[in-house]
Amino acid sequence: YGSNWAAVHRLDRETSGIVLCADHPELRNRLSESLRNREVKKTYFAIVNGRPVKKYWEVNEAIGPLESSSFRLKQGVVSSGQASFTTFKVEDMKNNFSLLRVMPLTGRTHQIRVHAAWSGFHLVGDKKYFPDETVYLEYLEKGFTEKVHQACHFDRLCLHASKISFTHP
């Protein structure tokens, strides 16, 4: 709307939905501080592969660079990582897919994707965190091939930032 508008936080490249923005540097700083202090509540919807047995679960596992990966920017659950906490709630299940309501308390890089995959339910469309890394390698080299389509089912992440709650500074 004006030249001062800027995002307070970011979404992963293929994630859709709400981004908190502000039109003044002081306001952006105060909202960023609220994010750091975990005073901003975010809700996402994700479609994952599989049918969880539990209707609700929490993941309280540190996230950091995954040294065992072939890809240098891939994150994972590692003991040397940063504290990370995510809750998952099953909203619906159809065939071998589940719709989850996801609430990350922290805001680590790829947190929802990492915690979902660690729980055994990688996101539909997630090439990077698909259990077989050759799928992501093929995607990088050749694009959205039939092999990638068969593995991931969709050409982008099925992850949507649906709600954000905060106290206006």
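In which sense do strand β4 and strand β10 pair, and over how many bridges? I looked this up first in the predicted model, in which local features need pLDDT of at least 70, side-chain atom pairs count only at pLDDT 80 or more, and totals for chains, interfaces and linings use all residues. Residues are numbered from 1 along each chain as its sequence is written, and side-chain values use heavy atoms, with hydrogens and water left out.

I found β4 (residues 41–49) and β10 (residues 159–165) antiparallel, over six bridges. Two strands pair if DSSP finds at least two bridges between them; strands (E, at least two residues) and helices (H or I, at least four) are DSSP runs, numbered from the N terminus. I noted His-160 in β10 as the bridge partner of Phe-45.

I then traced the sheet: it is open and mixed, with six strands ordered β2-β10-β4-β9-β8-β5. At its edges I recorded β2 (16–17) and β5 (56–60), each pairing on one side only.

Next I examined helix α2 (residues 111–118), which lies across β4, β5, β8 (85–94), β9 (97–104) and β10 and runs at about 65° to β8. Contact means heavy atoms within 4.5 Å; axes are lines fitted to C-alpha atoms, for helices over the stretch in contact, and angles run from 0 to 180 degrees between N-to-C directions.

The C-alpha trace spans about 45 × 35 × 35 Å along its principal axes.
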